[in-house]
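User: Hi! Could you walk me through a bit of this structure?
Analyst: Happy to, let's look at it together.
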Amino acid sequence: MERQNKRVVDTDRLSDLPDHVLLHIIESMNIKQSVQTCVLSKRWKDLWKHLTNLKFHHSYPDNSDMFCKFVSQILSGRNHYIPLHSLDFEHEDCIDFEPKTTLLEVMRYAASSHNMQQLTVYARIRKISDLELPPSIFYSRSLTYLKLGFWQIYGSNSGSNYVYDEAHNYNVVLCTPKLTSLTASGRPTFEAPSTHGLPFLEEVNIDYTYPYRPCEDSIMISWLQLLANVKIMTLHFKTLVEILCILKMGAQPPCFVRLKSLKVELKSNDDISNGKVRKIVKILLRNSPPAKVDIIRKG
């Protein structure tokens with residue numbers, strides 16, 4: 001009995017805190033815990049509807065259908081008058097049927113959310129030849145950070161061996177005048193967006209991780225043109241190798257006139273010395289002013 005009374009007292013003390021402090025507390029939890037915590041008190045029950053940062057992560061073997069229903073319920077129940085600061089949606093299992101509907105629902109919600117500053121969407125898609133994204137999703141006057149990664153899976157299951165490829169039949173058109181940071185995860189299979197809608201873009205990160213499916217030359221050249229105007233560039237080593245192949249065929253690297261920092265990321269299985277990496281970087285930057293180069297090895 002004493003323990004129960006103590007819990008009631010502790011809950012009441014928390015309830016005496018102002019809303020912004022309570023929101024700060026539940027913002028530190030994952031979205032599922034935040035909603036569950038709000039049943040502790042009547043005053044708390046609608047707090048989750050005022051969250052300004054939404055993070056939905058699904059991974060195998062969690063139930064995909066339950067995850068998608070949960071995401072839909074949160075998006076439909078949230079207070080739409082509260083500005084959304086960031087939305088992070090990652091579905092690491094195969095997206096098909098209902099998950100695809102949920103993905104599009106997430107994208108549409110992001111498009112309609114005023115003042116949203118950060119958007120991350122990462123999804124694997126099975127047996128979908130085209131992924132139709134709402135055109136308005138990339139027309140945002142508040143977005144400053146964008147990370148995209150769409151993967152399409154081909155082939156049959158042979159043990160744990162799947163053949164991965166990015167979803168391709170879609171175009172990326174960005175009209176995001178405040179965007180400063182852009183990340184393309186995986187091998188880009190679409191041409192880089194025009195820089196006309198990206199006047200303040202300063203940082204680009206290309207994480208290319210599938211060397212056995214090389215990029216088309218025109219695609220990689222378009223990304224080089226986009227990179228020409230950034231201040232901070234982060235390239236996975238496989239991306240750097242792809243660029244080197246293009247340059248060996250006669251293409252000229254752009255002049256990175258604003259570049260201050262270039263970071264090259266290597267994984268533990270990238271068997272190459274730092275000296276050889278710097279030689280490749282020297283070829284890439286041969287038409288550019290000096291810039292700081294960091295080689296980062298990830299375990």
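User: What joins strand S7 to S8?
Analyst: Four bridges join S7 (residues 203-207) to S8, and the two run parallel. Strands pair if DSSP finds at least two bridges between them; strands (E, at least two residues) and helices (H or I, at least four) are DSSP runs, numbered from the N terminus. Val204 has Met233 in S8 as its bridge partner. This is a predicted model: local features need pLDDT of at least 70, side-chain atom pairs count only at pLDDT 80 or more, and totals for chains, interfaces and linings use all residues. Residues are numbered from 1 along each chain as its sequence is written, and side-chain values use heavy atoms, with hydrogens and water left out.
User: And how many bridges join S8 to S9?
Analyst: Five, with S8 and S9 (residues 261-267) running parallel. Thr234 stands opposite Lys263 in S9.
User: Why is S8 largely enclosed?
Analyst: Because four of the five residues of S8 (residues 232-236) are buried, the rest of the structure largely encloses that strand. Buried means under 20% relative accessible area (1.4 Å probe, protein chains only).
User: Switching topic, how many aromatic pairs does a search of the whole structure find?
Analyst: One. Phe67 and Phe89 form a tilted pair, 6.0 Å centre to centre with 35° between the planes. Rings of Phe, Tyr and Trp (its six-membered ring) pair if their centres lie within 6.5 Å; planes under 30 degrees apart count as stacked, over 60 as edge-to-face and the rest as tilted.
User: Where do Phe67 and Phe89 lie?
Analyst: Phe67 is in helix H4 (residues 64-77) and Phe89 in strand S2 (residues 86-95), so the pair ties together parts 22 residues apart in sequence. Both Phe67 and Phe89 are buried.

Technical notes. Buried means under 20% relative accessible area, exposed over 50%, partly exposed in between (1.4 Å probe, protein chains only).
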